[in-house]
Amino acid sequence: MIEAQNAFTFEIDDEEIAVKEMLDQLDLEKLKSHSLGILAGYPEFLNTGILQNLCKALPFDVIGCTTIASAAAGELGEIMLSLLVLTSDEVIFSAGVTSSLSEEQDGPIEEAYKKAREGGKGKPVMALVFVPYIISLGGEAIVESFNRISEGIPLFGTVAIDASNNPRKNETIFNGECSKDRLAFVLLFGDLHPSFFTASIPEEKIQKKRGVITKSYKNVIMEVNNMPILSYLKDLGLQRESGTWETSSFPFIIDYNDGTKPVARSIYVITKEGYAACGGYMPENATISIGDIGYVDIVRTAADALEGILKKDTGSVLLLFACLTRYLALDANTTAEMEKVRECIGQQKKYQFCYSGGEICPVQTEKGELINRFHNCTFTACLI
């Protein structure tokens, strides 16, 4: 069994007040044998000493990342630092952090994973992962590497983001140290039965016209239907010659044709070659279509997902990550999805919600098997 505590602060200027405020919300005497802290915070909290001194004051490992907005304990906001503490006598939390992933992924991930495994017993049940925003890789390359090295244990997590979508401020967190290119993670061992949920673009908001990816490399699309990607977008009435796409523009919907649900992908940038670099892999022969999502769809899909989640009685804690695209599509009412989360969950479970630059959540095959998958434009949940 896992128990949880929440703490938060909106105080960004006074380090001493902010740390005390968060510690006062915790009852550290009620911690079990094993504990872990998960932080989500506006990037400016990294520059004031608040995050670093909070981590020093806590008697357990703390991991997390930057975000543009978060919610916990019935509170929500953009300039907010939220903490979720997990504690258990039965479940072991073994945290780790890689060295830089900018040049190589497999070696640093394997080394950190092996070290973290030594802190548990047997094979991990799952991992929580906080992924750096490295645009040249896309988040899925890192997830793929971790998936292979961990032999396919379920992965749930997020890609670090910031308010300006500036990679220099997208950072992961490990015990008060922040990084632009390192993966922070925790392995969970023991008697644990997590459940995973996703909600993305409503079926009626996906165009019926389909294409096939005919040339790509990892997260980069070169051709669809044997046409250059920009020509394909132009035929659909969607075109941008260069630069970074607004992430709220439109998502691609990708069907891997493997029996799993289609997933959404955002365009991160149009390269100088005229290719579309996306948040996740865009494999050749996958079917591609265009989706659209607005305010009503976002609030409704979040509510529908939570209705299904809260019917389950297999867990006491909810971790929730939703894409930056959803936040931007809310226009002026940027807190609407967080407010719906607060309304739906109420006092039923402890939770932490934050916005994401890419969501990592397993999906289920027709045979009921879990496959780790990278998402964009998606509301994801893990019940533990």
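Q: Which residue meets aspartate 106 in a salt bridge?
A: This is a predicted model, where local features need pLDDT of at least 70, side-chain atom pairs count only at pLDDT 80 or more, and totals for chains, interfaces and linings use all residues. Residues are numbered from 1 along each chain as its sequence is written, and side-chain values use heavy atoms, leaving out hydrogens and water. A salt bridge puts a side-chain nitrogen of Lys or Arg within 4 Å of a carboxyl oxygen of Asp or Glu. At 2.7 Å, N to O, the partner of aspartate 106 is arginine 148.

Q: How many residues apart are aspartate 106 and arginine 148?
A: Aspartate 106 sits in helix 3 (residues 106-117) and arginine 148 in helix 4. Helices (H or I, at least four residues) and strands (E, at least two) are DSSP runs, numbered from the N terminus. The pair links distant parts of the chain, with a separation of 42 residues.

Q: What is the relative accessible area of arginine 148?
A: Buried means under 20% relative accessible area, exposed over 50%, and partly exposed in between (1.4 Å probe, protein chains only). Aspartate 106 is partly exposed at 33%. Arginine 148 is also partly exposed, at 44%.

Q: How many residues does the largest nonpolar core have?
A: A nonpolar core is a set of buried Ala, Val, Leu, Ile, Met, Phe, Trp, Tyr and Cys residues joined through side-chain atoms within 4.5 Å. Phe146, Leu183 and Leu187 are among those with the most contacts inside the largest core. Helix 4 (residues 139-149) gives the largest share, five residues. The core's total is 49 residues.

Q: Is threonine 158 buried or exposed?
A: Threonine 158 lies in strand 9 (residues 155-159). Beyond its neighbours within four places in sequence, its contacts (heavy atoms within 4.5 Å) include Cys65, Phe130, Phe321 and Tyr355. With 0% relative accessibility, threonine 158 counts as buried.

Q: What volume has the second largest cavity?
A: On a 1 Å grid over the protein atoms alone, a cavity is a set of points where a 1.4 Å probe fits but cannot get out; lining residues have an atom within 4 Å of a point. Grid points are joined across faces, edges and corners, and a volume is the space filled by probe spheres set on the points. The lining of the second largest cavity includes Val131, Tyr268 and Gly357. Its volume is about 40 Å³.

Q: How many charged residues does the lining of the largest pocket have?
A: A pocket is an open set of points with protein on both sides within 12 Å along at least five of seven lines; the largest holds about 340 Å³. Ala, Val, Leu, Ile, Met, Phe, Trp, Tyr, Cys and Pro count as nonpolar, Asp, Glu, Lys and Arg as charged, and the others, Gly among them, as polar. Glu203 and Lys261 are among the lining residues closest to its centre. Alongside nine nonpolar and six polar residues, the charged ones number four.
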